[in-house]
Amino acid sequence: MQLPKTEEQLMQYLWKLETGFMKDLLEAYPEPKPATTTVATLLKRMIDKGFIAYKLYGKSREYYPLIKKKDYFSKHVNTLIKTFFNDSASQFASFFTKETNLSKKELEDLKALIDNEIKNK
C-alpha cells in the first residue's frame with residue numbers, strides 16, 4: 001500500500017527519528033508547521049493502516065514505524081516497474097539511465113554495482 005503524500009512525509013520524519021513523540025514529529029517539519037490536530041489525524045490513519053504503532057507513557061505516545069523504509073520503497077519501485085515498464089526491470093533501467101542525466105562517474109558506479117550483483121548470483 002502506498003501512503004498519500006502527507007502521510008509519506010510524516011513517515012519520512014519518523015524513519016529518520018526512529019521513534020518520536022508528537023513534539024518531536026512537529027519539530028521535524030519545516031515552517032510553517034502543521035497544526036497538532038493535523039499531525040494527530042495523520043498518525044491515527046497510519047496506525048489504522050498498520051504503518052506505525054506507539055508505546056504509551058502516561059498520556060504521552062511514543063510513535064515508531066512498523067514498516068522499514070527500505071521495504072516501503074522497494075515495494076513502491078516494484079509497483080512502478082510493474083505498472084509503467086511492463087514488469088521489466090530492464091526497461092526501467094534503460095529509462096532510468098537515459099532520462100536522469102547521470103554523469104559518466106554515476107553510470108560507472110551503477111555498472112560496478114550491477115557487475116557486483118552478477119558475481120554474487
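Trainee: In what order do the elements of the protein chain run from the N terminus on?
Mentor: The order is α-α-α-β-β-α-α-α. Helices (H or I, at least four residues) and strands (E, at least two) are DSSP runs, numbered from the N terminus. This is a predicted model, in which local features need pLDDT of at least 70 and side-chain atom pairs count only at pLDDT 80 or more, while totals for chains, interfaces and linings use all residues. Residues are numbered from 1 along each chain as its sequence is written, and side-chain values use heavy atoms, with hydrogens and water left out.

Trainee: How many helices and strands is that?
Mentor: The secondary structure comes to six helices and two strands.

Trainee: Why is the protein chain called more spread out than a compact globule?
Mentor: Its radius of gyration is 19 Å, well over the 14 Å that the globule rule gives for 121 residues, so the chain is more spread out than a compact globule. The radius is taken over C-alpha atoms, and the rule is 2.2 Å times the number of residues to the power 0.38.

Trainee: What box do the C-alpha atoms fill?
Mentor: Along the principal axes, the box is roughly 55 × 30 × 25 Å.

Trainee: What share of the residues counts as buried?
Mentor: Of the 121 residues, 22% count as buried. Buried means under 20% relative accessible area, exposed over 50%, and partly exposed in between (1.4 Å probe, protein chains only).

Trainee: Let us turn to packing. How do the axes of helix 1 and helix 4 cross?
Mentor: The axes of helix 1 (residues 5–17) and helix 4 (residues 69–84) come within 11 Å and cross at roughly 145°. Axes are lines fitted to C-alpha atoms, for helices over the stretch in contact, and angles run from 0 to 180 degrees between N-to-C directions.

Trainee: Which residues make the contact?
Mentor: Helix 1 contributes E8, Q12 and W15, and helix 4 contributes K69, Y72 and F73. Contact means heavy atoms within 4.5 Å. By class, this contact has three nonpolar, one polar and two charged residues. Ala, Val, Leu, Ile, Met, Phe, Trp, Tyr, Cys and Pro count as nonpolar, Asp, Glu, Lys and Arg as charged, and the others, Gly among them, as polar.

Trainee: How far does helix 4 reach?
Mentor: Helix 4 has 16 residues and reaches 22 Å from its first C-alpha to its last, close to the 22 Å expected at 1.5 Å a residue. The expected span is 1.5 Å times one less than the number of residues.

Trainee: What follows helix 4?
Mentor: Helix 4 is followed by N86, whose phi is positive, near 50°. N86 is found in the loop between helix 4 and helix 5, and N86 is exposed, with a relative accessible area of 62%.

Trainee: What about phi of E18?
Mentor: Phi of E18 is near 75°, a positive value in a residue other than glycine. E18 sits in the loop between helix 1 and helix 2 and is exposed, at 58% relative accessible area. Most residues other than glycine have a negative phi, and most peptide bonds are trans.

Trainee: Is the peptide bond from E31 to P32 cis or trans?
Mentor: That bond is cis, with omega near -10°. P32 lies in the loop between helix 2 (22–28) and helix 3 (36–48).

Trainee: New topic: is F51 buried or exposed?
Mentor: F51 counts as buried, at 5% relative accessibility. F51 lies in the loop between helix 3 and strand 1 (52–57).

Trainee: What does F51 touch?
Mentor: Not counting residues up to four places away in sequence, F51 touches M1, L3, M11, M46, P65, L66, I67 and Y72. The C-alpha atoms of F51 and L66, 15 residues apart along the chain, are separated by 5.2 Å.

Trainee: And where is T41?
Mentor: T41 lies in helix 3 and is partly exposed, with a relative accessible area of 38%. T41 and E7 are 34 residues apart in sequence and 9.7 Å apart in space, C-alpha to C-alpha.

Trainee: Last one: how far apart are K98 and F21?
Mentor: They are 77 residues apart in sequence and 43 Å apart in space, C-alpha to C-alpha. K98 is found in helix 5 (residues 89–99) and counts as exposed, at 62% relative accessibility.
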